[in-house]
Amino acid sequence: MTARWRRWYRLGLRAFPAEFRNRWGAEMEETFSDRMAGLDPGAARRLALRELATLVASGLRERGTIGGGAPLLQARDLKHALRLLGRSPGFSLLTVLVLAGGLGLSTFTFSFLHTAMIKALPLAEGERIVRIDPMASGRVEPIDAADAAAFVGSLRSLVEVGGYGNRDLVVGRDGNRQVVDGAVVDPVLFSVARMPPLLGRTLIPADAAPGAEPVIVLSYRTWVLVFGADRELIDRPVVINDRPTRVVGVMPERFGFPVATEAWMALPTETYLTNTPGVASIRLAGRLAPGVTHEQAAAEASAVLRRVVSARVPGRLDSLAVSVESFPAMQFGEERVLTFSVLNLLAALILVLALVNVTNLLLARLNERSRETAVRLALGASTARLVIQGMWETVLLCLVGGILGTAAAAWGLDAITRWTRANMEGNLAFWWVWQMDTVTVLVAGGFVTLATAALGSVVARQALSTNVREVLSDGGIRGGSRREGRLSRTLVAIQVATVTVLMFFGAMSGVIARRVMNLDLGYDLTNLLHGAIAPPEGRYPSAEARAALYRKAHAALVAQGEFDRILLRRTLAEQHSPSGRFVTRGSGPDPVAPTAHQLAVLGDLSTSGVTIVEGRGFEVTDDPSRAPVALVSRSLAARWWRGRSPVGDQIRLAGVGDTTAWRTIVGVASDVVYGNPLSRDRGPDAVYLPLLQDDGPVAVVMARFRSTESAGRAALIEAVGEADPLLVPEGIQPFAGVVRKAGFIALSVSKLFAACFAFALFLAVVGTYGLMSRSIGLRRGEIGIRRALGASEAGVRVLLLRQAAGQLGRGALVAAPVLGVVGVGFSSYFPIGAGLTVGLAVGVSVAIVAVVLATTWIPTRRAARVGLRESLTGG
Amino acid sequence: MRAIEFEILLSLADGDRHGYAIIQDIEARGAEAAPIETGTLYRALQRLVEEGLVRPVDGPNEPGQGPRRRYYQLTNTGRAQASAEARRLAGLVEAARAARLLTRGT
């Protein structure tokens with residue numbers, strides 16, 4: 001510990017002039033080490049930080065007095081810097097705006113992504129609140145209620161663990177019914193959340209006891225929208241799912257724990273007491289015990305769950321594990337840290353771009369002031385004084401830019417929160433509230449400090465390298481040293497590389513965003529509801545029992561007058577996955593195995609936009625008692641039965657269901673595109689099986705309602721209830737909402753990056769012009785001599801354009817490998833072909849070449865026209 | 001004379017000390033005063049050495065303590081200046097008492 005601080009101390013000693021350091025440094029370090037000896041870590045840290053701060057300040061003061069000068073930090077330097085900035089309002093304004101843009105965008109991006117992906121829940125000790133999810137073979141699953149009590153009771157690294165499940169709640173009766181996204185929760189989860197109610201009380205253990213009166217706690221939004229913010233509502237009964245239920249509390253605005261809950265009812269304690277597996281399943285949440293990490297809790301929970309399940313199901317349970325993660329972590333999966341880092345890195349590139357431009361502006365300004373600097377040095381001013389004065393200017397610019405940028409970021413965060421609340425309320429996780437917070441302010445401070453340090457070092461280097469004799473003998477105009485020329489060319493190359501990468505990333509993101517926005521599922525989403533029927537294994541142990549339930553539920557849904565069309569559907573396999581393969585009868589060994597999206601369906605296929613174009617569709621009688629049948633899509637028929645009809649042929653699925661059964665193709669269906677819109681496997685090749693001939697644990701209901709969404713939701717719940725009074729369809733929501741929600745983050749990130757790239761392009765145009773002007777300006781003397789020696793205007797232009805081309809080339813060399821990595825990264829995650837990727841890379845490169853050459857042309861023309869005398873005297 | 005310089009001279013008045021011992025002595029004397037850091041101490045020591053009020057001397061050999069430490073010793077000039085400063089401060093204290101800013105015993 002002391003050794004580490006000692007290294008820092010040695011580094012801090014560098015603040016002192018070498019003369020002082022050589023004389024006292026070793027002894028100071030020894031004394032510091034003596035002071036640190038024997039202190040506990042906390043006291044040592046406090047002392048070391050205090051020592052380091054004083055050390056650097058003392059060192060700077062010591063530097064200021066070397067040679068008998070005045071103290072280094074003086075108020076008059078600040079005034080001098082303010083005067084200089086006031087003398088060039090245009091420069092000051094432009095610099096501040098560029099800095100504000102760069103700092104603001106970086107801060108905003110960080111904060112937006114941090115809130116969405118990383119930040120702890122906005123609840124007391126939110127960082128300890130976790131989801132506890134059993135995982136079988138890597139797939140997250142709810143826990144069987146039969147295992148829950150023993151599992152929860154044995155946990156030591158997790159406390160206040162309780163179950164919950166999403167449940168649509170129908171509020172009101174008959175013509176005045178509304179459905180809200182409710183949840184049944186273990187009352188202990190209100191202890192986990194530690195959020196006091198706005199009115200009344202939260203749920204308490206007595207509410208979950210057997211025979212307890214049904215009670216409900218409302219979210220603020222439900223209280224306002226459904227009950228008109230009636231303060232007299234507490235303790236009054238309302239009708240929930242056709243039962244009188246007493247309202248006991250209203251939670252504060254923006255509270256929706258666990259995710260986006262609009263009303264809470266108690267999860268009955270008997271749920272935990274069941275001994276029959278498959279009757280119910282629940283999700284679990286709780287708190288990490290103090291001092292326990294996610295990994296420790298997951299290890300303990302996995303061991304406990306394996307023990308509990310093995311008591312019921314003998315056999316190897318190695319693939320069974322438990323994931324203990326924060327709620328945001330579970331939403332974004334394992335790659336959230338990588339995604340967060342990459343997106344922030346890109347935003348930081350904008351800041352780099354802004355800093356390159358400001359560096360150029362500062363260098364141009366220092367160049368203009370070089371004569372004044374040289375005169376002051378010649379008259380005896382210390383270099384340290386000049387550096388400090390320059391630093392004050394940089395500090396002021398960065399501070400004002402930082403404050404403006406942070407204010408803009410705060411406004412942007414507030415705007416996005418307002419927008420999401422207005423447009424996405426009810427669909428958003430409750431912790432997605434974007435606003436300025438301590439972390440964001442600290443990060444903004446960090447960005448400002450980095451910017452100040454980067455720009456300050458450039459200013460200091462420039463001031464320290466001023467050669468009095470050279471500048472004064474140059475007649476007041478600096479032709480520019482080789483070093484300056486090199487620096488200027490490097491800045492252009494950095495600019496070209498950074499802008500190229502940003503523009504390429506922007507173009508790729510734009511393509512994806514466009515695909516998300518224009519996503520065509522192939523069918524009309526209007527009035528279409530989504531829900532899921534998941535028969536519990538305990539009560540539906542066989543394929544026949546499950547098939548009977550699906551048939552009954554389908555019949556009940558069709559009988560509901562509320563629905564126009566009904567389809568029950570289950571995705572069996574994605575094309576190009578191993579399970580998506582199939583074999584056609586009579587075909588020999590084929591080097592390319594045919595693959596297709598595979599779906600099991602029951603009901604009216606036209607609900608999902610599919611029509612039968614040849615042969616027949618499925619009938620309710622296509623069940624396990626009949627010969628296995630299948631439908632193929634038109635595109636699949638065209639690909640594998642080229643020039644003939646597939647009807648009557650037989651296929652055998654290779655990866656799902658009964659892989660030994662030959663299925664007769666009875667019809668051809670029209671094409672609809674299947675697969676994840678952001679995956680590479682999206683396409684119309686499909687095989688359909690009758691749902692009743694393919695056993696599965698779940699069926700998705702697609703129901704097109706006639707009147708209102710609320711009536712549709714209620715009818716869906718009622719129909720499934722008719723098939724099984726204990727069964728409630730899960731996740732009922734409009735299809736349009738599902739699609740919109742899926743695309744929201746992608747769309748928001750794309751919009752954010754569109755703004756970033758627009759700003760990057762602006763910086764590229766303005767910055768490249770400035771950099772090229774300066775770069776060419778540094779060669780003014782040389783141009784004059786060339787012209788005097790007979791070089792033509794065109795010759796000079798070619799010379800300068802060749803310089804620009806060289807800088808472009810260097811920038812391209814840096815950018816090319818990064819473009820490769822970005823391109824390959826995008827292509828492997830998203831459905832963007834190599835052709836489009838290369839095309840975009842070429843397009844972006846051409847655009848950058850055009851920008852650089854265009855911004856070079858104007859200063860080139862001006863320089864080529866300048867006469868010899870002007871060139872050499874600066875006239 | 002700056003306060004830190006007087007504090008150092010005071011520490012050295014009753015014997016030679018090394019840097020860490022000076023800090024310990026100053027801190028022991030003024031528990032309520034702001035803590036003194038090494039950077040401040042050595043800048044002051046440099047001034048005192050340059051003005052001839054303090055001189056560095058080799059310290060005693062301390063077995064098991066590594067290389068011999070540098071100690072600091074008050075010069076005659078240093079002692080005279082410290083005395084003069086102490087008298088000046090005592091005079092100021094008397095004046096404060098006369099102006100009833102201080103009472104006996106404070």
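## Close-up views: salt bridges and a helix pair

**View 1. A:E160, which counts as partly exposed at 29% relative accessibility, is shown together with A:R287, its partner in a salt bridge.** The model shown here is a predicted one. The nitrogen-to-oxygen distance between the two side chains is 3.7 Å, and the pair links distant parts of the chain, since A:R287 belongs to strand 11 (residues 281–288) of chain A and A:E160 to strand 4 (residues 158–171) of chain A, 127 residues apart. A:R287 has a relative accessibility of 0% and therefore counts as buried, whereas A:E160 is partly exposed.

**View 2. A salt bridge between A:K119 and A:D437 brings together two loops of chain A.** The closest N and O atoms of A:K119 and A:D437 are 2.8 Å apart. With a relative accessible area of 22%, A:K119 is partly exposed, while A:D437, with 15%, is buried.

**View 3. In chain B, B:R17 and B:D14 form a salt bridge.** Here the closest N and O atoms are 3.4 Å apart, and B:D14 counts as exposed, with a relative accessibility of 63%.

**View 4. A network of salt bridges includes residues of chain A and of chain B.** Through shared partners, A:R35, A:R50, A:E51, B:E27 and B:E37 are joined into one network. For the whole structure, a search over all chains finds 37 salt bridges.

**View 5. Helix 1 (residues 2–12) of chain A packs against helix 2 (residues 18–36) of chain A.** The two helices pack at an angle of about 150°, their axes lying 10 Å apart, and the crossing of helix 1 of chain A and helix 2 of chain A is right-handed. On the side of helix 1 of chain A, the contact is made by A:T2, A:W5, A:R6, A:Y9 and A:R10, which meet A:M28, A:E29, A:E30, A:F32, A:S33 and A:M36 in helix 2 of chain A. By residue type, the contact of helix 1 of chain A with helix 2 of chain A comprises five nonpolar, two polar and four charged residues.

Definitions and conventions:
Residues are numbered from 1 along each chain as its sequence is written. Chains are lettered from A and ligands numbered from 1 in the order in which they are written. This is a predicted model: local features need pLDDT of at least 70, side-chain atom pairs count only at pLDDT 80 or more; totals for chains, interfaces and linings use all residues. Side-chain values use heavy atoms; hydrogens and water are left out. A salt bridge is a side-chain nitrogen of Lys or Arg within 4 Å of a carboxyl oxygen of Asp or Glu. Helices (H or I, at least four residues) and strands (E, at least two) are DSSP runs, numbered from the N terminus. Buried means under 20% relative accessible area, exposed over 50%, partly exposed in between (1.4 Å probe, protein chains only). Axes are lines fitted to C-alpha atoms, for helices over the stretch in contact, and angles run from 0 to 180 degrees between N-to-C directions. A crossing is left-handed if the near helix is turned anticlockwise from the far one by less than a right angle, and right-handed if clockwise. Contact means heavy atoms within 4.5 Å. Ala, Val, Leu, Ile, Met, Phe, Trp, Tyr, Cys and Pro count as nonpolar, Asp, Glu, Lys and Arg as charged, and the others, Gly among them, as polar.
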